[in-house]
Amino acid sequence: MSRYAHPAGQRHADVLPEDNPPSPPADLDQLDPRVWPHTAARVGGEITVGGIGVTALAEEYGTPLFVLDEDDFRARARDYRNAFADAGADVYYAGKALLTKAVARWVMEEGLKLDVCSGGELAVALAAGVPAERIGMHGNNKSEAELARAVEVGVGRIVIDSFDEIERLDRLAARQGKVPEVLIRVTTGVEAHTHEFVATAHDDQKFGLSLNTGAAADAVRRVLESAHLSLVGLHSHIGSQIFDMAGFEMAARRLTEFLTLVHTEHGVLLPELDLGGGLGIAYVPGDTPLEPKAIAEALLDIVQHECKAHDLPVPRIAVEPGRAIAGPCGITVYEVGTIKDVEGIRSYVSVDGGMSDNIRTSLYGSEYTCSLASRTGDGDPVLSRLVGKHCESGDIVVRDLYLPSDLRTGDLVAVAATGAYCHSMASNYNHLPRPAVVAVRGGESRTLVRRETEEDLLRLDVG
Ligand SMILES: *Cc1c(COP(=O)(O)O)cnc(C)c1O
């Protein structure tokens with residue numbers, strides 16, 4: 001048998017769609033409030049957000065366009081702050097989900113702290129006027145320059161991620177005559193996504209210092225020995241798009257055991273425990289994320305219970321939601337271009353952006369909800385795939401969706417829950433200028449990040 005020949009079943013699978021598409025929704029025009037921004041509505045058939053129709057927004061700012069519901073963002077940030085502040089816990093908004101100067105100011109005004117994980121993110125936070133002591137800094141490979149800047153401006157928490165970094169930071173702090181407060185990022189052996197978590201030794205990855213191998217204990221020893229670093233706690237981040245608390249429970253248990261060990265070995269009670277981010281949101285109807293209140297109660301319960309069992313004082317807890325705050329408040333508006341029916345399979349609907357403004361579908365196989373936005377449709381639901389304009393067959397924005405059969409070129413469609421990790425992961429692939437980010441609120445809109453132009457692209461090309 002030639003090595004190119006496939007068993008019959010497998011050959012069959014090569015030509016059939018690899019998955020079973022969902023059935024059409026009962027109502028194509030309905031906006032599920034779990035998935036769409038708080039203020040999203042249909043007015044005269046058209047989708048409006050923050051009291052403004054997508055057609056007017058597209059006319060003013062062009063497409064593709066990121067639209068942020070400012071009230072929604074603020075409400076979600078506030079819900080987290082309130083849920084955790086009651087228990088004396090800190091909420092760091094994870095800036096990598098979406099960071100602009102305005103977003104950083106919203107985060108501050110709503111009483112949260114802010115996580116950054118690069119010099120660029122730190123620069124945006126500082127430019128927005130975020131006080132350095134309210135910033136936490138992450139990263140598995142922070143450069144000398146990034147660390148020096150963090151120490152110089154007085155970043156509140158630096159999360160140490162390697163032995164090299166202990167040395168670097170110790171040296172830089174000594175040179176500047178400062179004693180930065182640091183956490184050690186610990187890999188607990190727990191990895192969680194959606195409803196599943198694995199509590200095996202997940203040590204084969206780049207982040208953190210392993211509990212299992214003893215690297216974490218070693219790091220604690222070295223940081224405690226440093227006269228220029230002040231160890232205030234431990235950090236753990238177990239995954240993303242998590243819908244239940246089981247993984248956090250396991251991680252909290254392992255961290256508390258480790259806190260006990262540190263206490264026994266060094267006589268030190270570390271006062272802070274940062275449990276990271278990763279809280280899930282609804283991308284499609286049927287996703288059921290937890291409410292901040294429930295998350296806060298569960299986390300605090302777990303930590304209190306574990307500390308009691310080990311006779312330890314309860315440390316100050318911190319969490320770092322990114323997606324859960326920024327994700328649901330954003331939509332992307334696209335203009336429909338070519339529509340291609342692949343006979344007997346589905347309709348390929350091309351939009352004027354794609355993997356350059358939303359890489360998540362091709363990177364992670366993420367699911368999204370999309371709706372005809374400039375009007376309601378009259379036709380029957382047609383199984384479709386929303387694709388971009390890039391030179392890749394994997395350039396898919398929404399893998400399976402239904403759009404009305406009367407969809408035509410020039411219509412606007414909107415993809416929901418694109419506030420997190422879309423703008424922040426955007427690229428210039430195929431030299432597409434990146435879309436603008438616009439905030440809407442109370443019937444008004446304003447540009448947060450302006451659309452790139454071909455001039456912007458050429459300005460950097462100095463050869
Ligand atoms: C990515 C990340 C977060 C935020 O994750 P979300 O899934 O957006 O909540 C928080 N903390 C750390 C350390 C991260 O790497």
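Good morning. I begin with Cys 391, which, apart from its neighbours within four places in sequence, is in contact with Tyr 429 and Asn 430; contact here means heavy atoms within 4.5 Å. Please note that this is a predicted model, in which local features need pLDDT of at least 70, side-chain atom pairs count only at pLDDT 80 or more, and totals for chains, interfaces and linings use all residues. Residues are numbered from 1 along each chain as its sequence is written, and side-chain values use heavy atoms, with hydrogens and water left out.

Why does Cys 391 count as exposed? Its relative accessibility is 60%, and exposed means over 50% relative accessible area, buried under 20%, and partly exposed in between, with a 1.4 Å probe and protein chains only. Cys 391 is found in the loop between strand S20 (381–387) and strand S21 (396–404). Helices (H or I, at least four residues) and strands (E, at least two) are DSSP runs, numbered from the N terminus. An unreviewed UniProt entry lists Cys 391 under "active site"; UniProt positions follow the numbering used here, feature names are shortened, and annotations may be inferred rather than shown by experiment.

I now turn to the aromatic rings. A search of the whole structure finds four aromatic pairs. Rings of Phe, Tyr and Trp (its six-membered ring) pair if their centres lie within 6.5 Å; planes under 30 degrees apart count as stacked, over 60 as edge-to-face and the rest as tilted. One of the pairs is Phe 73 with Tyr 93: the centres are 5.4 Å apart and the planes stand at 75°, so this pair is edge-to-face. Because Phe 73 belongs to helix H3 (residues 70–85) and Tyr 93 to strand S5 (residues 90–94), the pair ties together parts that are 20 residues apart in sequence. Phe 73 and Tyr 93 are both buried. Together with Trp 106, they form one aromatic cluster.

Is the pair of Tyr 80 and Phe 84 stacked or edge-to-face? With centres 6.2 Å apart and planes at 5°, the pair is stacked. Tyr 80 and Phe 84 are four residues apart in helix H3, and therefore about one helical turn separates them. Both are buried.

Finally, the strands. S5 pairs with strand S16 (residues 316–319) in the parallel sense over two bridges, where two strands pair if DSSP finds at least two bridges between them. Here Asp 90 has Ala 318 in S16 as its bridge partner. Strand S15 (residues 272–274) also pairs with S16 in the parallel sense, over three bridges, and Leu 273 has Ile 317 in S16 as its bridge partner.
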